[in-house]
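Open the structure in your viewer and keep the selection tool handy.

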Amino acid sequence: MNLERAHGRLADILPEQALSTFAGAGLPEVPCAAPGSAEEAAEVLRLAAAERWKVLPLGSGTKLGWARLPPRVDLVLSSTRLTGIVAYEPADGTLTARAGTPWSELRAAVEGTHQLSPELPTEGAGTFGGVLSAGASGLDRLRHGPLRHQVLGLTALQPDASLAHSGGRVVKNVTGYDLHRLWCGSHGTLGFLLEGTLRLYPAATHEAVFVRDCATRAEGLALGEALARAQLLPLAALLMERPDGGQRLELVLAGRRELVEDELARVRRTLGDGPTLTGPEARARRSALAALEGAQDTGLTLDTRPSRLAALCARIEAALQTHAPEARLTLEPLLGRARVGFAAPPARETRLALARQLEGESLAWRTHPPDFRPPLCAPPAALELMRRIKRSVDPAALFAAGRFHDDF
Amino acid sequence: MQALADELLEVLGPAGVIREPTRLLPYESDALAMVAVRPELVLLPRDTRQTAAAMRILHRRKVPVVARGAGTGLAGGATPVVGGVVLSTARMRDVLELDPLDRLARVQAGVVNVDLTGACQHARLLYAPDPSSQMACTIGGNVANNSGGPHCFKYGATTRHVLGLVIVQHDGEILDLSEPVLDPAGYDLAGLFVGSEGTFGIATEIVVKLSPAPEVIEVQLGLFRSLDAACDAVSDMIAARLEPAALEILDQLTIDAVERSVFAAGYPREAEAVLLVELEGCAADVAAQAADVAAILARHAPLEVRSARDAAARKKLWAGRKGAFGAMGRIAPDLYVADAVVPRTKLRALVARTVEICRERRLRLATVFHAGDGNLHPNICYDRRDADEVRRVVEAGHLILKECIAAGGALTGEHGVGLEKLPEMELYFTREDLQAACRVRDAWDPERRMNPGKLVPTHACLEVRTAALPAGGAP
C-alpha cells in the first residue's frame, strides 16, 4: 500500500479534512477516509473496488478489538463525519441518527424522557455505528434483551456501493427480511452502516440497587436461583468477587416508583435484607456497573443456560487456576453469563490454553491482539451458511474479511 | 410423480404423505382464500430427522417446497406453487422441553400457540406473542411471519421471544442454532430467519423465551363518540410513556357487527369507537397506571369507562375484540383484512384517511387495530361475487398501504408480505433494497425452491434461478 498514492486518489473524492492516516490496534498504517455523505461514501467504495483495496469500516475504534482483526486492511472507512440526530420522536418512542453520532450524544438527547438501550461500558467514546456494528448487549440485557431487539431499521452501503434499507422507523414492522438483524453485530464485514433507528424505553423515574454479600460463589448462585424461582426480573443482576474473597450480589431495579418498591419488597422477601442504594447513589452505582464491563474489556465472555452456570463456573475456575490465577469472575446468574476479567491482557498462549480447556463452551473474547484469531464458536453448518452469506453479499470480499473466521 | 411419492413414502410412512386429490383440497390456500393452487403432494413429517430426509429427496429432484403451519396466514404465504409440494408441520406437535427455571421451552414447529401458554401455565409463565388466530396458529408459522398480537405492544413480536431454532435447509442439511446465547457468535442467523416466510428453510424446532405471568391484570374499556377521540387518547398514552400490555381500538361498524353477533359485549350503539387498555404488573403499579389511564380517557370525553380485574369480567370486556373478526361475517360474506403500520403520532390522521378512502369507493370499512403499535387493520367487507366491488376493494387496499408508507409507516405489521403484498414491496423498498434481500436469500437457498414467488418480487432479483416444475408433476 502506497499511502501517498492512496491519499492522492481519495483526495479526488473527499475534502482534505476527511483524509487521515489510521494507525493502531496492531494494524499497519493505512489511509483513513471519512466521507460526509452517503454519496461520498459510495464514491470511496467504488474507488476501493477498482483498486482492490480491503476496506475496514470504523467508528471511533473503541470496539475494534471485540472481533478478530482482519489480516489485511488497505483502507479505513470512518463514519465520524456522518453525524447528527435525524429524528427523535418522543411521542413515538423512536430515535433515528447517523452512524457517526457519539453514543453519548444519543443518550443525552433522550435523557429524562427515555432510556436508551443497551447501557454500554464505553459510552463516552463510542459511535452509534460502532455500537450497532459490534452488536453487543449491555447492562440492561436482562430486562431489555440484546441490542438487536432495539434496532427498528438500518441503512447501509452494500459492497457494490448501492444503498440498502431494512426495517423502518415504526415500532412494529415485518416488511421484508430483517437484514438489520444481519448487519447488527456483523463487525463491518457486510457493509458500511450509515443510519439507524432504535426503539426507546420510558425513562425510569425511580432506581434502587440492592446489595447482598455472601460468603461463597455457590451461595451467590443459590440466591440467583431463588430470584429465578420468584420470577424476579430486575434490570440487572450481577454476582461479583469482593476483594476479601467473598462474593457480592447486586441487583439494579428501575422503573416507576410503584414497580421499584414492589420489586424491592419481593427481593427482600426472597433474599432477606441487605443494604439498598436509592436516588443519585443508585444511579451512580448503575453507571459504575455498566462501566465495569468496560474495565473487563481484557476478558472473555461465556454464555450458558442459567441452570448450568454453576457447572460452567467450575470449568472456568479449573481453567483459570491452571492458566490465569489472577483473573476475576463476574456472573449474571439470571442470564447464565460469565465474564472473566484479567488483570492484564493475557498472552496468546494463555488464551489458546484457556480456549482448549473450555472447548465446547460458547466463548467470546473481548480483545483480539493481531496475532490472535480464535475459531468462531458456531456449528459447522452455521459457519458454512455465514460463509455463503458473505460470498453472496460481498463476492469480491471488499469489506475486510477475517473478523469472525478466515473468510468472513 | 409416482416415483417421488414412493420415495417420500419410504421416509415418511403412509401417514406422512397425502396425494389423494380430495385430501389435497384443504391445502390449496391459506387464509388468503382468493388464491388457490392444488399442490402435487402434501408431506407431514414427524420430526427434524424426517423433514431433513424429505428435503434431501426434494432437493435432488429440484421440487419447490412451501412450508405450512396451520394455514391461518392472511397474506398467502402458504399458498402452494404449481408443481410443488406443501410440507406441513401438523404432525410436529410436541413440547420437547419446558424449563421454568431457565424460563424457556423447546417445541416442535407445529405446536399451537395457545397450547404452549397452556403448557406453561402451571409454572406461572406465558408465551407472550398472541396473534388473533392463536387458537389455531402454530409456533412455526409465528416464526415464519414474525407474528404479533395485541400483547406485542408490551412484549414485542415473535422475534424477541425466539432464543434458538433448528432449521432444515433447502438441501436437507440441519442447521442447529437451538442453544440460546445472548449475543450470537458471528452473524445473527436465527434473528435473520424469523420473518423470512419460509423462503430460507423450515424451522422444525423452536426454543422460546417464557415470560412471568403478571400478578394483576386490569382492563379499562373506554367508549367514545368518535374514532378521533379514541386515537387521540392512545397518542396521549404513548406520549405519557405509559406501558399498557395492550391498546386496541374497534370502530363503529365493528361495534355494530359485534353487538348483533353471539360475541355481543353490551357496547352502546351510539359509541363510534371502543378503546381497550390492558394493564398488568404488580398491584400497586397497576393501580398507579390505571389512575393515569383513567385521567387520559376522561380528557377525551368518553361516553362511558368500564374496568375489570377478575378473569371473568375481563373476558367479557375482551369478548367484543376477540370476536370481532367472526362477527364481521354478519356484514358481508367476504372480508379483506388489511395490515399496515403508521407512526403512532399520525394514528388519527391515517385512520381518518382509511375511512375516507373506503367511503369514496362505497365500501364498508370495519376497523380493528393494535393502536399502541400503530398497527392498523382496516377490514373491508365485500362480496367476492361482485366483480366491481372486488376491484374497488383491491384499489382501496392499495391506496391505504400507499398512504401509510407515505406517512413513514410500513407495509405490514404482523401478517407478512406473502403473495398479497408483493406489488407494494416496490413502493416500500428500492430496487437496491430488494437486490440486497435477494443476495441474502441466495445464500440460504441458491435455487430459490423454498416458497418461491413469495416475499420478494421475483423480477427484482435480476434472474430467476429455478423455473417452477412444469404443471402436471415433479420428475
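**Stop 1: two helices in chain B**

Start with α13(B) and α14(B), and show their side chains: Leu350(B), Arg353(B), Thr354(B), Ile357(B) and Cys358(B) of α13(B) meet Ala396(B), Leu399(B), Ile400(B), Glu403(B) and Cys404(B) of α14(B). By class, this contact has seven nonpolar, one polar and two charged residues. Please keep in mind throughout that you are looking at a predicted model.

Now switch to a cartoon view and select residues 347-360 of chain B for α13 and residues 387-406 of chain B for α14. The two axes come within 10 Å and cross at roughly 155°, which makes α13(B) roughly antiparallel to α14(B). The crossing of α13(B) past α14(B) is right-handed.

**Stop 2: the domains of chain B**

Stay in chain B and colour residues 95-212 as domain 1 and residues 216-406 as domain 2. The C-alpha centres of these two domains of chain B are 28 Å apart. Where they touch, domain 1 of chain B brings seven residues and domain 2 of chain B brings eleven residues. On the domain 1 side, the classes are three nonpolar, three polar and one charged.

**Stop 3: where the chains meet**

Bring chain A back into view and look at its contact with chain B. How many residues of chain A are in contact with chain B? The count is 67 residues of chain A, against 71 residues of chain B.

To see where the chain A side comes from, highlight β9 (163-167), α6 (179-183), α7 (217-229), α8 (257-271), β19 (362-365) and α12 (380-393) of chain A, each of which supplies at least two residues. Of these, α12(A) gives the most, with eight residues. The side of chain A that touches chain B has 31 nonpolar, 18 polar and 18 charged residues.

Next, pick one helix pair that spans the two chains: α8(A) and α10 of chain B, residues 283-299. Their axes are 8 Å apart and pack at an angle of about 175°, which makes α8(A) roughly antiparallel to α10(B). Select Glu258(A), Leu259(A), Glu261(A) and Asp262(A) on α8(A), then Ala284(B), Asp285(B) and Ala288(B) on α10(B), to show the residues that make the contact. By class they divide into three nonpolar, no polar and four charged.

**Stop 4: a four-stranded sheet in chain A**

Hide chain B for now. In chain A, find the open sheet of four strands in the order β1-β2-β4-β3, which has mixed pairing. Which strands stand at the edges? They are β1 (19-24) and β3 (55-58) of chain A; each has a single partner strand, so one side of each is left without a neighbour in the sheet. On average, neighbouring strands here are turned by 35° against each other, direction ignored.

Zoom in on β3(A) and β4(A), residues 75-78, which run parallel and are joined by four bridges.

Helix α1 of chain A, residues 3-11, touches β1 and β2 (27-33) of chain A, and its direction makes about 15° with that of β2(A). Helix α2 of chain A, residues 38-51, touches β2, β3 and β4 of chain A, and its direction makes about 165° with that of β4(A).

**Stop 5: a five-stranded sheet in chain A**

Move on to the open sheet of five strands in chain A, ordered β5-β6-β10-β8-β9 with antiparallel pairing. The edges are β5 (85-89) and β9 of chain A, and each has a single partner strand, so one side of each is left without a neighbour in the sheet. Neighbouring strands in this sheet are turned by 10° against each other on average, direction ignored.

For a close-up, select β6 (residues 94-98) and β10 (residues 192-199) of chain A, an antiparallel pair with five bridges. Here Ala97(A) stands opposite Gly196(A) in β10(A).

**Stop 6: the domains of chain A**

Finish by colouring chain A by domain: 85-202 is domain 1, 206-295 is domain 2 and 300-365 is domain 3. The C-alpha centres of domain 2 and domain 3 of chain A are separated by 22 Å, and 13 residues of domain 2 are in contact with 13 residues of domain 3. On the domain 2 side, α7(A) provides the largest share, six residues. That side divides into nine nonpolar, one polar and three charged residues.

Methods: Residues numbered from 1 in each chain as written. Chains lettered and ligands numbered in written order. Predicted model: local features only at pLDDT ≥ 70, side-chain atom pairs only at ≥ 80, totals over all residues. Domains from an automatic or database assignment. Nonpolar A, V, L, I, M, F, W, Y, C, P; charged D, E, K, R; others polar. Axes fitted to C-alpha atoms, helices over the stretch in contact; angles between N-to-C directions. Parallel < 35°, antiparallel > 145°, perpendicular 65-115°, else oblique. Left-handed = near helix turned anticlockwise from the far one by under 90°. Pairing = 2+ DSSP bridges.
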